[in-house]
Amino acid sequence: MPPEIVLQTQRLSKRFKQRWAVRDLNLEILQGDVFGFLGPNGAGKSTTIRMLLSLIRPTSGDIRLFDEPLTMSQHRALRRVGGIVEKPDFYLYLSAVRNLEIVGALYGGVDRRRMMEVLELVGLKDRAFDRVKTYSHGMKQRLGIAQALLSDPELVILDEPTSGLDPQGMKEVRDLIIHLARDQRKTIFLSSHLLSEIELVANRMAIINRGELVVQGEVSRLLEEGEQYVMIRAEPLRKARAILRRLTRFVHSMSEAGESLKVVMSFDDIPAVNRSLVRSGVAVHAIVPRRSLEDYFLALTEQSLSDGPNARVSGKTQRQ
Amino acid sequence: MFRLVFYEAVKTFLKKRTYLGFLIVGVIVPIVEVAMKVEGGRFIQAATRTLRQDFIFVGSLFNGWYVSYWMMQSLWVHIPLLITFVAGDQLAGEATSGTYRLILTRPVTRTKIFFSKYIVTLIYSIVFVLFLAILSIGLALILLGKGNLLVFDRGILILPAADVAYRFCAAYIFATWSIVTIASIAFFFSSFVENAIGPIVATMGLLVVFLILVVLPVEAFEPIRPYLFAQHMNLWQHAFRDPIAWDEIGRGIAVLGSYSAAAVGASWWIFTRKDILS
Ligand SMILES: Nc1ncnc2c1ncn2[C@@H]1O[C@H](COP(=O)(O)OP(=O)(O)O)[C@@H](O)[C@H]1O
Ligand SMILES: [Mg+2]
């Protein structure tokens, strides 16, 4: 039996005035997926998630959630979803527990034990009765995850849950996501603007740019597709090149890229190539395996930084 | 639904802003009433000098009821302003704090959330008017005691002490009705902006403009006046006429009620359809 489709969008589009924030987006999230939704800033990730959580009305296209249509007026299927979109905001003058009570009331009430359970899961149990006003950004981010989990949903939607966290905090969130997926068998939809992050937790992913789907599929497959190459920085460079040219068994092709050599070869052969270089007295400074997807995504990100999102669609003002 | 209303009430009544109105009334009313006691009935004596020659008054006309009646003048503009602080924040406040994203992403229809909030707005309005009534009347009676009530209604009218309490009761019920209209209008403005200042300013602006249209001695405005809600902000005053002007009251209740219903209907329509971008 093929896995159940938990969430599906068909030609999902959203236009703000003249600007398409999301356009003809087809996504498919299967049960048990950790689905990475990757895109540079302004790509349309949050806009998509707002539509998935019934906050905004699509300009066109459909959403099916657990095989039920989802619209602003018909969103019963959200019973099986928990999520957070954009920055984690709460009633700052109330405690974490009160905030969770308010959220719980919208699911018909959640008992105190469950609240403490999710707070413990995100490491906020001992601050449960403090006003959220006293929380740091990282703590709010974790409370955001806690409230998403409160109703024990089958699908958890998280919008850049690691943004603004320090590396330790990012790792904790990643571990939590892996725990939820593996031990609690939840389906997770996770947006990010960092490929490295998606790569670490997701099994499937989609890349979105300027509101449009670029590619969608299994993470491992996508990363392997296209060429793999290695950037080698060594001294003296000329000697290194001469040696590499002789290693035809490993090296498929080679070109110079500034201070480094771009060598098309399998990552499995890195140790053997390194050994040869070192034996010949070449000082190896760095060997960096690269994949074209990474380059590709990096290019997207840089492009969006220099153009601003959707610059091509409309040169008008950007949202601050 | 009860649970939703309960937690909306929790949100509202644990917010400092909610007590601003209570604080102001709680401070101003005692100050004014004590000041009136100290000043004594100087002003009222002037007004009743001619009557004094013809009648022998039973007790003083400068009493607690008179002061309580006088305090109700705050229902024209002051109390509406304080009401908008909370009513105007009901929906806009969630936008300001970004918490729409917390509550509208749930399997509850927006209609339910909307009416929970409106019910809490009604509760707040009622509690607030009740607070004003109990404080201003209670304190005035303690300070100055009971007696016949002197009011100005196309001349001087003296209402017998026996049925004054019942008239105040009716007056405050009518006052609640007009305050609910103000709250509903503020609620309406609250549904399409992202902070509470807009609704406060818009509601008060509308009230003041309408009040000007009502009092301006311009013939041209005459036909529209009965349809302006501000014309009926004095609904409570009709309870102090003799005989009580029930037909006026009926008309006022209908006009104010229509404004409330229209405001709530329109804000419901907006709220259940709008994109949440805050
Ligand atoms: N309220 C809005 N009004 C107009 N444009 C908006 C609004 N919200 C988002 N956008 C635009 O939609 C695009 C996608 O934004 P967003 O979904 O927030 O991107 P992401 O979450 O991927 O960073 C951006 O170009 C942004 O400027
Ligand atoms: Mg975003």
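Modeller: Let's start with polar contacts: a polar contact is a pair of N or O atoms within 3.5 Å, and within protein one must be able to donate a hydrogen and the other to accept it, while residues adjacent in sequence count only if both atoms are side-chain atoms. Between chain A and chain B there are 19 residue pairs in polar contact, both at pLDDT 80 or more.

Modeller: Some housekeeping: this is a predicted model, where local features need pLDDT of at least 70, side-chain atom pairs count only at pLDDT 80 or more, and totals for chains, interfaces and linings use all residues. Residues are numbered from 1 along each chain as its sequence is written, chains are lettered from A and ligands numbered from 1 in the order in which they are written, and side-chain values use heavy atoms, with hydrogens and water left out.

Biologist: How many salt bridges are there between chain A and chain B?

Modeller: A salt bridge is a side-chain nitrogen of Lys or Arg within 4 Å of a carboxyl oxygen of Asp or Glu. The count here is 2. In one salt bridge, Lys14(A) meets Asp275(B), with the closest N and O atoms 2.5 Å apart.

Biologist: And what area is buried between chain A and chain B?

Modeller: The size of an interface is often given as the accessible area lost when the parts come together. Buried area is taken with a 1.4 Å probe and summed over both parts. Here that gives about 2900 Å², with 59% from carbon and sulfur atoms. On the chain A side, Leu55(A), Tyr91(A) and Leu106(A) lose the most, together 23% of what that side buries. Counting contacts (heavy atoms within 4.5 Å), 34 residues of chain A touch 30 of chain B.

Biologist: Now the sheets. What is the strand order in the one that contains S11 of chain A?

Modeller: Strands of a sheet pair through backbone hydrogen bonds, either parallel or antiparallel. Strands are DSSP runs (E, at least two residues) and helices likewise (H or I, at least four), numbered from the N terminus; two strands pair if DSSP finds at least two bridges between them. This open sheet of 4 strands runs S12-S13-S11-S14 (chain A), with antiparallel pairing. S12 (253-257) and S14 (283-291) of chain A each have a single partner strand, so one side of each is left without a neighbour in the sheet.

Biologist: How many bridges join S11 to S14 in chain A?

Modeller: There are 8, and Glu235(A) stands opposite Ala283(A) in S14(A).

Key. Buried area is the accessible area (1.4 Å probe) that two parts lose on being put together, summed over both.
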